[in-house]
Amino acid sequence: MIGLVNKIACLCTVALLIFSSVQAQQKNYTDKKNSVSDGSGRYKLWYNQPAKNWNEALPLGNGFIGGMVFGDAKNERIQLNESTIWGGGPNNTIDSNARPYINQVRRLLAEKKYAEAQELANSKLGPKGNSGMPYQLAGNLYLSFPETGTVGNYYRDLDIANAKATVKYTLNGVNYKREFFTSFGANVFMVRLTADKPGMISCKLKLQSPLKTSVAINDEKILVLSGQGSEHEGQKGQIKFNVLTRVKNSGGTNVADTSSITIANADTAVIYLSIATNFINYHDVSANSMLRAKNILNKAYQHDFDELLSKSTRYYRSYFDRVKLDLGIDSAAKQPTDIRIQNFSNNNDKQLAELYFQYGRYLLICSSQPGSQPANLQGIWNGELKGPWDSKYTININTEMNYWPSEVTQLAELSTPLFNMISDLSVTGTPTAKIMYGARGWALHHNTDIWRITGVVDGAFWGLWPTSNAWLCQHLWEHYLYSGDKKFLRQYYPIIKAAAEYYIDALQKEPEHGWLVVSPSISPEHEYIDGKNQVSVTAGATMDNQLVYGLFTDAIRAAAELNIDKVFADSLAMYRSQLPPMQIGRYGQLQEWLEDLDRTDDHHRHVSHLYGLFPGNQISPFTQPQLFAAVKNSLIYRGDVSTGWSMAWKINLWARLLDGNHAYKLIKDQIKPISANSGGTYPNLFDAHPPFQIDGNFGCTSGIAEMLLQSHDGAIYLLPALPDEWKDGSISGLMARGGFKIDMKWANHKIIKLTIHSSLGGNCRLRVNQQIGSKLLTAASGINKNHFYQVMDLKQPIVKSDDKNITAKLTKSWVYDIQTRPGETVIINN
Ligand code: FUC
């Protein structure tokens, strides 16, 4: 083994020597080597300096462990995460005294005593000391290097095509290189240190953590950090974890003292690092973390860096390579990433939009893997003991947004952790439904954590929102729509059904119209003005109505797909007919609440009532033109600039409003350094709420996909919202509902080549903004017979606006049908 390591080290040294002589001939090394024009730097984030702070460090991860690489030449820091290191321990937050107060709040809302309802909710229905547990960091791996002198030729990158980070620099005439990756498969964090002269690698390794920890060296010369998650809000810290580090060097020495490892005069050194916890599931923390971490480390240690890297890269690329986007490239792309972010809103750096799109896919692959926890507010990367909003799961938008790109950008397997969490929540939410609401089924509020809590957190003003079960179930149904996987639907149907049962029992009859409404609830985190009071609690918020309408519809359709439960489905249809219709208010807007309370100067970050447009698939420009126009008015009133995730949502919404230029304007608002009044993008391309929140990254990736392809409302709409800036381009591998995979190339806004891969067969109905003269296509007529394209049958809206003719203004489009067989590929050249 050592021989092999030496050989590899020699090869590396030769390669480095060749590399450095080439480097010497190049004046402007970084520009040339990393220019995207030759393709080599297309998927690289790169910089001419180390990270000065966390938001400049570069993220690596494999769904289980994560690392932020800072890249300082003399003092390297890798901040480490493991997805199951959380504060507290198994618990739930169900409020067993809540029910009578919920009933009282319901009565007050029905009597329109809103301020009183709010007061009662605030005093009686808030959390009882526990607002969920924080996701915590494991600690840091520090490498300190003894060299003094001035660092030259500094270069740092993250290659998202290969999930690998690199740091290079010259010091005292030696060219150094550091490589980092998080192994998919072997589950270790890997570092390789090399130099172009022998014997030049010397450094000291230390592990540190702000959590309660101890550090020691064990018999096998392994550096061991043993730690424990924090006690938080009365919950004892029950997570135990271990970080293990072992070095394999060629040449020189590698000596351990009591709390560090010192490498001296090595030719090459490879660092293996594993992290494991005692977490088994939300109610079981009985695993042996040390044993787990040792097994992982020892197994990985039998393999060389390159061997682990090539296996890991192969796995990673099996996801990443599924979608290719090309929007073109220009000279703006020659700059380092931090400079490109600063310039993006002025220079139409098309390739940066492409990089940002792919970065969202990279981040999902690295933070959500089958068997891992779902991506939380920070994905898997959090450098604090108590990150922003505890770095947990906010399920009134943020967690859902994390998974918006997964189906459409062909990463559906990565939703498995979300689906598993929904299964858990359907269990922990059952007593919540029963005890708090006297209902069957399952329910939870606007947050959860690794322990799958389901009670109200952060105060009733924001937290008394019980409709997240419906939104989560939408992801289950959508997975079926994309995949046609009946086995999956059969497995999850009981969870969808139980959520619907919750609403059958919990919906309240609203006195004025007799509509069935969710009460009490809120339009997420927003408030209306009642006299002098700001009030959030309400009955029949538009988003709730849409969510329940969607849930009932999906449950009815799921039962039909599975050919089961007809009686139940019929009863749901009856309840669904009693839900409130959408209402167009006095300003021509879609009302956010049951009463017409919207304000035209309201720029709140949440756009909850627009759920029906996206991701709800309920509002069609073709069959609901009034609603479509009202949504547009609401969005215009809300404005563009906001927090990171809010802008990302608006990209999707403007795409659904078929306005590519406005969607692109939002991309420009998002890909820019943060300012005093808005979110934006950090130098490491992380989305800024601010602070860092990963949802905006995922939301923007999804928004770009929605601009290029949509597959709801009865057809696959190709290039529905193409901005002027992207008049030429191509994309391959985007998914459309019904199991269609689409590749297309366009020039001057017109599709010139289209490839449809049909995995399930059936009618493929296309909508395009151009005529396509292909014998393969016939002009479409009637309803799309493909059952994955059924359109939701909505109630007619109530229009209060004076403008009774409010309607959508649409550009002409053409609709074609093409019959496909399962497994067939159809190519259309135009
Ligand atoms: C919701 C949002 C905030 C933030 C938090 C994590 O509370 O309203 O803006 O995104 O989640």
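Q: Helices (H or I, at least four residues) and strands (E, at least two) are DSSP runs, numbered from the N terminus. Where is Ser 391 found in those terms?

A: Ser 391 is found in the loop between helix 8 and strand 18 (393-394). The model is predicted, with local features needing pLDDT of at least 70, side-chain atom pairs counting only at pLDDT 80 or more, and totals for chains, interfaces and linings using all residues. Residues are numbered from 1 along each chain as its sequence is written, and side-chain values use heavy atoms, leaving out hydrogens and water.

Q: What is the phi of Ser 391?

A: Phi of Ser 391 is near 50°. That is a positive value, and Ser 391 is a residue other than glycine.

Q: Which residues are around the ligand?

A: A residue is near a molecule or strand if one of its heavy atoms lies within 4 Å of it. Around the ligand stand Leu 377, Trp 389, Thr 394, Asn 398 and Glu 525, together with Arg 605, His 606, Trp 645, His 689 and Gln 693.

Q: How many residues of the shell around the ligand are nonpolar, polar and charged?

A: Ala, Val, Leu, Ile, Met, Phe, Trp, Tyr, Cys and Pro count as nonpolar, Asp, Glu, Lys and Arg as charged, and the others, Gly among them, as polar. By that scheme the ligand's shell holds 3 nonpolar, 5 polar and 2 charged residues.

Q: How far is an oxygen atom of the ligand from an N or O atom in the side chain of Glu 525?

A: A polar contact is a pair of N or O atoms within 3.5 Å; within protein, one must be able to donate a hydrogen and the other to accept it, and residues adjacent in sequence count only if both atoms are side-chain atoms. For the side chain of Glu 525, the separation between its N or O atom and a ligand oxygen is 2.4 Å. The side chain of Trp 645 has an N or O atom 2.9 Å from an oxygen of the ligand, and for a polar side-chain atom of Gln 693 the value is 3.0 Å. Taken alone the ligand exposes 290 Å², of which the protein buries 97%; these areas come from the Shrake-Rupley method with a 1.4 Å probe, and for residues only the protein chains shown count as cover.

Q: In what order do the 9 strands of the open sheet stand?

A: Two strands pair if DSSP finds at least two bridges between them. The order here is 1-6-7-8-9-16-13-12-11, with antiparallel pairing. Strand 1 (44-47) and strand 11 (212-217) are at the edges with a single partner strand each, so one side of each has no neighbour in the sheet. On average, neighbouring strands of this sheet are turned by 15° against each other, direction ignored. Axes are lines fitted to C-alpha atoms, for helices over the stretch in contact, and angles run from 0 to 180 degrees between N-to-C directions.

Q: How many bridges join strand 9 to strand 16?

A: Strand 9 (residues 189-195) and strand 16 (residues 268-277) run antiparallel and are joined by 6 bridges.

Q: Which strands does helix 6 lie across?

A: Contact means heavy atoms within 4.5 Å. Helix 6 (residues 305-320) lies across strand 7 (164-171), strand 8 (174-182), strand 9 and strand 16, and runs at about 50° to strand 8.

Q: What order does the open sheet of 5 strands have?

A: Its strands stand as 17-29-30-31-36, paired antiparallel. Strand 17 (324-326) and strand 36 (824-829) are its edges; each has a single partner strand, so one side of each is left without a neighbour in the sheet. The twist from one strand to the next averages 20°. Strand 17 and strand 29 (residues 729-736) are joined by 3 bridges, and Asp 326 stands opposite Ser 730 in strand 29.

Q: Is the peptide bond from His 689 to Pro 690 cis or trans?

A: That bond from His 689 to Pro 690 is cis, with omega near -10°. Pro 690 lies in the loop between strand 26 (687-688) and helix 20 (695-708). The bond from Ser 519 to Pro 520 is cis, with omega near -5°, and Pro 520 is in the loop between strand 21 (516-517) and strand 22 (528-530).
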